[in-house]
Structures are given as structure tokens and as C-alpha cells.
Amino acid sequence: MKMKAATAALIALMAAPAMVAAGADDDTLIINEEITMTTKAPAPAHLSDALDEVMSGWHFRSDGTQAMQMDDFDNPGMIGVEAGLEAWNTAEGSEGKSCASCHGDAESMAGIKAVYPKYNAEAGEVRTLQMQMNACRTERMGAEAWKYDKGDAINMEALLASVSRGMPVNVAIDGPAAATWEMGKELYYTRTGQLDLSCASCHEQNYGNMIRADHLSQGQINGFPVYRLKNTKLNGVHSRFKGCVRDTRAATYKPGSAEFVALELYVASRGNGLSVEGPSVRN
């Protein structure tokens with residue numbers, strides 16, 4: 001029995017990611033030499049027992065990757081923004097409307113990305129930005145809903161993020177959003193999978209260390225949608241959640257699920273005070 005237990009412990013140790021010390025840099029992120037980003041900020045009050053400072057994942061990237069985000073001509077995520085702008089001005093559905101028909105220029109949405117996820121009183125639920133986009137499509141345009149975290153939805157979210165760059169993340173976690181936030185917090189700290197890891201295991205307890213060949217950040221999501229060099233496309237936050245949960249060797253949830261909506265609200269709130277960066281560039 002003791003031999004089996006020792007063998008199991010050894011296997012778990014070998015399977016766990018190897019971590020070595022690294023750290024965040026002190027560089028300054030300025031987009032297009034115009035938009036200065038707040039990439040380090042005092043931790044929100046609800047994190048006072050865990051962190052003193054919150055930091056953008058940009059600080060944990062290589063100089064080359066950082067530079068790509070600093071110039072829109074070099075940022076491959078801006079291709080998604082351009083596609084989103086085309087969709088913004090394209091009429092669809094039975095009502096023959098486009099996003100611009102109701103909202104005007106995309107710049108009119110500045111600040112929207114900074115406050116999502118947010119509670120929608122009419123629907124009686126917390127909605128992510130993609131959920132709200134789809135509600136507009138189905139209820140006002142008479143168009144089909146976009147698939148969650150897929151091309152069209154991600155491109156539009158990238159557009160809406162881009163017009164909010166530099167604005168502080170400020171998601172509400174009180175009132176009717178509180179129950180969803182608490183659910184997200186529980187998910188964040190719950191260990192799962194064969195590796196017995198939680199979100200906090202990496203992004204709160206080990207940020208600044210290296211996992212295999214990459215740095216662990218605080219897991220802030222103020223830069224989403226994110227263009228990942230690893231898979232050469234824009235990625236949504238729920239898809240990233242799915243990948244992280246999968247990496248713990250646990251059964252995961254689907255993008256757009258109630259669980260990931262709650263987790264997005266909680267994780268977004270951990271970055272309150274950081275600037276909206278999306279679309280950002282990461283490894």
C-alpha cells in the first residue's frame with residue numbers, strides 16, 4: 001500500500017509543471033505612442049488579503065512580444081478589429097439593421113468593454129459582452145446569434161475592446177451581480193483535475209515563476225481578446241478558461257456556460273483599475 005502511494009506521488013510530481021523563478025518587468029506600455037496604459041495598479045479592495053498589486057500579463061512577455069502590441073501595424077490582432085468594423089457597418093437579419101444603425105460609429109461604444117460582464121436587469125442575469133452582442137443580434141436585428149468565442153464574435157469583441165483601450169476596468173460585483181461573482185470566486189479557488197490545481201495555484205501563488213518554457217502571469221483578462229502566437233489567432237477568455245481547466249486534467253465547461261460567465265466576472269474584477277488593452281498579444 002505504501003509503495004502504491006509513493007508511486008502515485010512520484011507520478012503526480014513528474015506530471016506537475018516545472019516552475020523556476022522569473023518575474024515581471026517595469027516597462028511602460030504605450031500604444032501607437034499615444035495611449036498610455038495602466039498596467040500596474042493597487043489591488044482592488046476585495047483582493048487585499050491576497051495581492052497588493054495587480055499587473056497586466058504584458059509585463060511577463062518577451063520584449064519582442066511586448067513590442068508587437070505597442071504598434072497597431074505590428075499587432076496581428078488588429079486584423080480582427082478590421083473584420084469587426086466591417087461587420088459593425090453591415091446590415092443583417094430580418095430587420096435590415098447593422099450595429100451602426102442604432103449606435104452610430106464604433107467609437108460610440110468607448111467604455112463598454114471596461115464594465116463587462118455586467119448585470120442586465122431586463123434579462124435578470126449577468127451578461128458577458130458577447131452575450132449582449134448576441135442579444136442585440138437576435139432581438140433587434142433579427143439575425144442569428146454568433147457562436148461563442150468564434151470568429152465573428154471575437155472580431156466584434158476585439159473592435160469594442162479597441163475603442164476602450166486605456167480606460168480602467170471597472171466591473172461591478174455588488175448588488176444583483178454579487179451571487180454570480182461569489183460563484184466565480186469559488187470556481188477560481190477550487191482545485192480540480194488529476195493535477196489538483198486551481199486558477200489561484202498558478203496565477204496567485206506562482207505568478208512571476210516560469211512554467212516549462214513560459215512565464216506565469218497573474219492571469220488578468222484586461223487584454224482579451226488576445227492574439228496568441230501559439231495558435232496564431234484571436235482567442236476569447238472562455239476558450240482560455242477551457243484550456244486552463246483542461247490542462248489540470250479535469251472535465252471542463254463550455255464557452256458561454258454559466259460557470260464561465262461567473263468565472264469571467266470574478267477574474268475581470270481582479271483586474272479592476274488596469275487599462276483595457278484588447279486586442280493584446282501574448283505567447
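**A walk through the model**

A: Let's start with S164, in the loop between helix 6 and helix 7. Helices (H or I, at least four residues) and strands (E, at least two) are DSSP runs, numbered from the N terminus.

Q: What kind of model is this, and how are residues numbered?
A: This is a predicted model: local features need pLDDT of at least 70, side-chain atom pairs count only at pLDDT 80 or more, and totals for chains, interfaces and linings use all residues. Residues are numbered from 1 along each chain as its sequence is written, and side-chain values use heavy atoms, with hydrogens and water left out.

Q: Back to S164. Buried or exposed?
A: S164 is buried, at 0% relative accessibility. Buried means under 20% relative accessible area, exposed means over 50%, and partly exposed is in between (1.4 Å probe, protein chains only).

Q: What does S164 touch?
A: Leaving out residues up to four places away in sequence, S164 touches M109, A110, G111, I112, K113 and V276. Contact means heavy atoms within 4.5 Å.

Q: New topic. Where is V115 found?
A: V115 sits in the loop between helix 4 (99–103) and strand 6 (118–120). V115 is partly exposed, with a relative accessible area of 26%. Not counting residues up to four places away in sequence, V115 touches N170 and V171.

Q: How are V115 and S269 placed?
A: They are 154 residues apart along the chain, and their C-alpha atoms are separated by 9.5 Å.

Q: Which peptide bonds are cis?
A: The bond from Y116 to P117 is cis, with omega near 5 degrees. P117 is in the loop between helix 4 and strand 6. The bond from F224 to P225 is also cis, with omega near -5 degrees. P225 is in the loop between strand 9 (214–215) and strand 10 (226–228).

Q: What about the phi of T232?
A: Phi of T232 is near 50 degrees, a positive value in a residue other than glycine. T232 lies in the loop between strand 10 and strand 11 (233–235). T232 is exposed, at 54% relative accessibility.

Q: And R249, what is its phi?
A: R249 has a positive phi of about 65 degrees, and R249 is not a glycine. R249 is in the loop between helix 9 and helix 10. With a relative accessible area of 46%, R249 is partly exposed.

Q: Let's do the core. Which residues touch the most other members of the largest nonpolar core?
A: V54 and V267 do, in a core of 30 residues. Helix 7 (178–189), helix 9 (237–247) and helix 10 (258–270) each supply at least two of its residues. The largest share, seven residues, comes from helix 10. A nonpolar core is a set of buried Ala, Val, Leu, Ile, Met, Phe, Trp, Tyr and Cys residues joined through side-chain atoms within 4.5 Å.

Q: What does V267 touch?
A: Beyond residues up to four places away in sequence, V267 touches Y188, G219, Q220, I221 and F241. Apart from this core lies another, of 19 residues, among them A106, M133, A153 and A158.

Q: Why call helix 10 largely enclosed?
A: 11 of the 13 residues of helix 10 are buried, so the rest of the structure largely encloses this helix. The buried residues of helix 10 pack against strand 5 (53–55), strand 7 (125–127), helix 5 (129–141), helix 7, helix 8 (199–203) and helix 9.

Q: How do helix 9 and helix 10 pack?
A: Their angle is about 100 degrees, and their axes are 10 Å apart. Axes are lines fitted to C-alpha atoms, for helices over the stretch in contact, and angles run from 0 to 180 degrees between N-to-C directions. Helix 9 and helix 10 are therefore roughly perpendicular. Angles under 35 degrees count as roughly parallel, over 145 as roughly antiparallel, 65 to 115 as roughly perpendicular and the rest as oblique.

Q: Last one. How many aromatic pairs are there?
A: A search of the whole structure finds six. The rings of Y253 and F260 have centres 5.6 Å apart and planes at 85 degrees, so this pair is edge-to-face. Rings of Phe, Tyr and Trp (its six-membered ring) pair if their centres lie within 6.5 Å; planes under 30 degrees apart count as stacked, over 60 as edge-to-face and the rest as tilted. Y253 is partly exposed at 33% relative accessibility, whereas F260 is buried at 1%.
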